[in-house]
Amino acid sequence: MAVTREAQSWNDLFAARTRTGVGAGLADILALAGDTTLIPFAGGFPDAQTFPGAAAATLLAELVAVGDTSVLQYAPTQGLPGPREVVADRLDAHQRRRPADDEVMVTSGTIEALELIGKSFLDAGDVVVVEGPTYLGAIMAFRSFEADVVAVPMDGEGLQVDELEGRLAAGLRPNLLYTIPDYQNPAGLTLAADRRAELVELARRYGFLIVEDVAYRELGFGREPPPSIWSLAPDVVVQAGTTSKTFFPGVRLGWAVGPTSVIAQLVAAKQNTDQCAGALGQRLFEEYARRGWMDEQLERSRRLYRRRCDQMLGALERHMPGEVAWTRPEGGFFSWLTLPGGVESAEFARSAAARGVAVVPGIPFFPDGRGGENVRLSFSRVEDELIDEGIGRLAALVTDEKGRL
Ligand SMILES: Cc1ncc(COP(=O)(O)O)c(C=O)c1O
């Protein structure tokens, strides 16, 4: 009798590249982030109170009423001309460099840009350098192309570029270097200006492409971040940006800017992922930004996140025992906690959930198993009145765990 597909394991037929340890890391974290019974220091979600639901509904009604069918039609793979122009205008205003028309494309979010970059640049075994720690979604995206993902450590000024230089001199040959220079996920750190310049010099000397992820750049609430790496060196940088944290993630909309030949290759790669980013989201974003509403929303969002960050840092000061350290972000959503020696972060996160607080342990943010003493705290979505309570519970847990050692 023939074996039915139901009776056999489909896993045997999965492609080899699916067995590269990408695992269900992100799914686990998103599940924790979605548990509404816990105080949510886990997921890197924007707060829903920043979402422009009413404005989006008004814009859609207006566009349909005037018979603008572009909203509902397929779009060019590179993106509709209007939204590309808006992206170029905003880069000109905020990063002091305007991409030429063939240097910019619209993507279905940053994670798609990373997928297109991986597909275009990575064969099995190729090296990608990342910051240690870094965005879990990026590790997963690069690993899905069977790349060798190598983490170079960070300190208070971001990626340790001198350490990278040493490894390059010793023979490391990456195709790509991925960095989140502003208010990094998960460490909340910003790459210092002199290191940005040194990184560019290394990229030119060793011939790798810098992938600059600016997901949080527009959400600063302290000092201005240094110039973007792309603005310093558009010849060796592809920058991926997103509207997920600033407009709303439901549109799945972002952009990539970079050298003409790179953008042309990414556009070609996009033809057989989703062919085009949704026109509906592109047109809503374009109209919203053209009316100045994007900048107004950003002002409100920065105020909200600054307040939450201040409250969380204040609560950490008040409650945490002396041996705990944490970063002090000047933007974005995250602070990175270092637990006292011997307290293991995955176990800590499980115990925290049992006490009603969701946090993410550090290990998934490294490609090499480090992070056992770290925890990521996200302040973006915790109601003001729960911040002190949540940090107080985490501090009590640290004290209890230390007592058990
Ligand atoms: C650094 C970083 N890049 C990209 C993303 C995801 O962006 P998108 O929603 O555009 O795929 C996130 C979201 O968590 C992020 O933290």
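This is a predicted model: local features need pLDDT of at least 70, side-chain atom pairs count only at pLDDT 80 or more; totals for chains, interfaces and linings use all residues.
Several oxygen atoms or backbone groups can be followed here by eye. From T110, a backbone N or O atom lies 2.7 Å from an oxygen atom of the ligand. In the case of Y216, a polar side-chain atom is found 2.6 Å from an oxygen atom of the ligand. R252 also takes part through its side chain, with a polar atom 2.8 Å from a ligand oxygen atom. As for overall cover, the protein hides 91% of the 400 Å² of accessible area that the ligand has on its own.

Attention now turns to the helices. Helix α3, formed by residues 81–95, packs with helix α10, formed by residues 279–290. The angle of this pair is about 45 degrees, and the two axes are 9 Å apart. The crossing in which α3 passes α10 is left-handed.

A second pair is made by helix α12 (residues 345–354) and helix α13 (residues 384–404), which pack at an angle of about 125 degrees with their axes 10 Å apart. That angle makes α12 oblique to α13. Here α12 passes α13 in a right-handed crossing.

The peptide bond leading from G132 to P133 is cis, and its omega is near 10 degrees. P133 sits in the loop that connects β3 (127–132) with α5 (136–143). Another cis peptide bond joins N185 to P186, with omega about 15 degrees. The loop that holds P186 runs between β6 (174–179) and α7 (193–206).

Which residue has a positive phi although it is not a glycine? That residue is E146, whose phi is about 60 degrees. E146 is placed in the loop between α5 and β4, the latter spanning residues 148–155.

Definitions and conventions
Residues are numbered from 1 along each chain as its sequence is written. Side-chain values use heavy atoms; hydrogens and water are left out. A polar contact is a pair of N or O atoms within 3.5 Å; within protein, one must be able to donate a hydrogen and the other to accept it, and residues adjacent in sequence count only if both atoms are side-chain atoms. Accessible areas come from the Shrake-Rupley method with a 1.4 Å probe; for residues, only the protein chains shown count as cover. Axes are lines fitted to C-alpha atoms, for helices over the stretch in contact, and angles run from 0 to 180 degrees between N-to-C directions. Helices (H or I, at least four residues) and strands (E, at least two) are DSSP runs, numbered from the N terminus. A crossing is left-handed if the near helix is turned anticlockwise from the far one by less than a right angle, and right-handed if clockwise. Angles under 35 degrees count as roughly parallel, over 145 as roughly antiparallel, 65 to 115 as roughly perpendicular and the rest as oblique.
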